[in-house]
Amino acid sequence: MFRNLFVIALIIACANALSIAGVRKTIDGATKENFSAVTAEVEPFLLNDAGVTFHSKSLRRLNTKAKAFGLELPENYAKAAKCTEARRAKQDAFVKAKIEEAAEAAAEAAEEEAPAEE
Ligand SMILES: *[C@@H]1O[C@H](CO)[C@@H](O)[C@H](O)[C@H]1NC(C)=O
């Protein structure tokens, strides 16, 4: 029972490792001519399967390649990745809280300037 689970986990881990190696190889083999094909090919893996570390390493590699070719990665390339979702949600919440705070402060300041007649 546990043995089977272990084997399944191992298979998943290996499949993931293979894809990581494949994505790495694909990125390393990119040329100026097929750079956009390479980015399109590895994006699904970066979006859905890559962990935070591999995601950021791959983006760094792609950026380095792009610069060497005199190209640029699209602004939002692989940005909506599952592995960075939690971080983005946290950032969104932080920004929203800051905006609400600022709006409240502005409303208070306005009230102080012009006391409402009741
Ligand atoms: C891009 O071109 C290189 C050199 O021809 C090749 O080795 C590589 O497999 C190509 N990659 C893709 C994704 O087509």
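My notes below go from the overall fold to the ligand, the ring pairs and one loop.

**Ground rules**

I am working with a predicted model, where local features need pLDDT of at least 70, side-chain atom pairs count only at pLDDT 80 or more, and totals for chains, interfaces and linings use all residues. Residues are numbered from 1 along each chain as its sequence is written, and side-chain values use heavy atoms, with hydrogens and water left out.

**Overall fold**

I looked up the secondary structure and found four helices and zero strands. Helices here are DSSP runs of H or I with at least four residues, strands are runs of E with at least two, and both are numbered from the N terminus. Read from the N terminus, the order is α-α-α-α.

Next I checked burial: of the 118 residues in the protein, 19% are buried. Buried means under 20% relative accessible area, exposed over 50%, and partly exposed in between, with a 1.4 Å probe and protein chains only. The protein exposes about 9,000 Å², with 59% of it supplied by carbon and sulfur atoms; these areas come from the Shrake-Rupley method with a 1.4 Å probe, and for residues only the protein chains shown count as cover.

I also looked at contacts (heavy atoms within 4.5 Å). Among those with a separation of 6 or more, 63% join residues 24 or more positions apart.

**The ligand**

Which residues are around the ligand? I listed Gly29, Thr31, Asn34, Val38 and Glu41, where near means that a heavy atom of the residue lies within 4 Å. The protein buries 44% of the 360 Å² that the ligand exposes when taken alone.

I then sorted this shell by class and got one nonpolar, three polar and one charged residues. One oxygen atom of the ligand is 2.3 Å from an N or O atom in the side chain of asparagine 34.

**Ring pairs**

How many aromatic pairs does a search of the whole structure find? It finds two. Rings of Phe, Tyr and Trp (its six-membered ring) pair if their centres lie within 6.5 Å; planes under 30 degrees apart count as stacked, over 60 as edge-to-face and the rest as tilted.

I took phenylalanine 35 and phenylalanine 69 to start: their ring centres are 5.9 Å apart and their planes are at 75°, so this pair is edge-to-face. Phenylalanine 35 sits in helix H2 (residues 35–48) and phenylalanine 69 in helix H3 (residues 52–69), so the pair links parts of the chain 34 residues apart. Both of these phenylalanines are buried.

The rings of phenylalanine 45 and phenylalanine 54 have centres 6.0 Å apart and planes at 80°, so they are edge-to-face too. Phenylalanine 45 is buried at 9% relative accessible area, and phenylalanine 54 counts as buried at 11%.

**The loop between H3 and H4**

Alanine 78 lies in it and is buried, with a relative accessible area of 0%. Its phi is near 55°, a positive value in a residue other than glycine.

Cysteine 83 is in the loop as well. I noted 5.4 Å between its C-alpha atom and that of valine 52, 31 residues apart along the chain. Leaving aside neighbours within four places in sequence, cysteine 83 is in contact with Ala50, Gly51, Val52 and His55.

Threonine 84 counts as buried at 5% relative accessibility, and it touches His55 and Lys79, not counting residues up to four places away in sequence.

How values were computed
Polar contact = N/O pair within 3.5 Å; in protein donor to acceptor, adjacent residues only side chain to side chain. Nonpolar A, V, L, I, M, F, W, Y, C, P; charged D, E, K, R; others polar.
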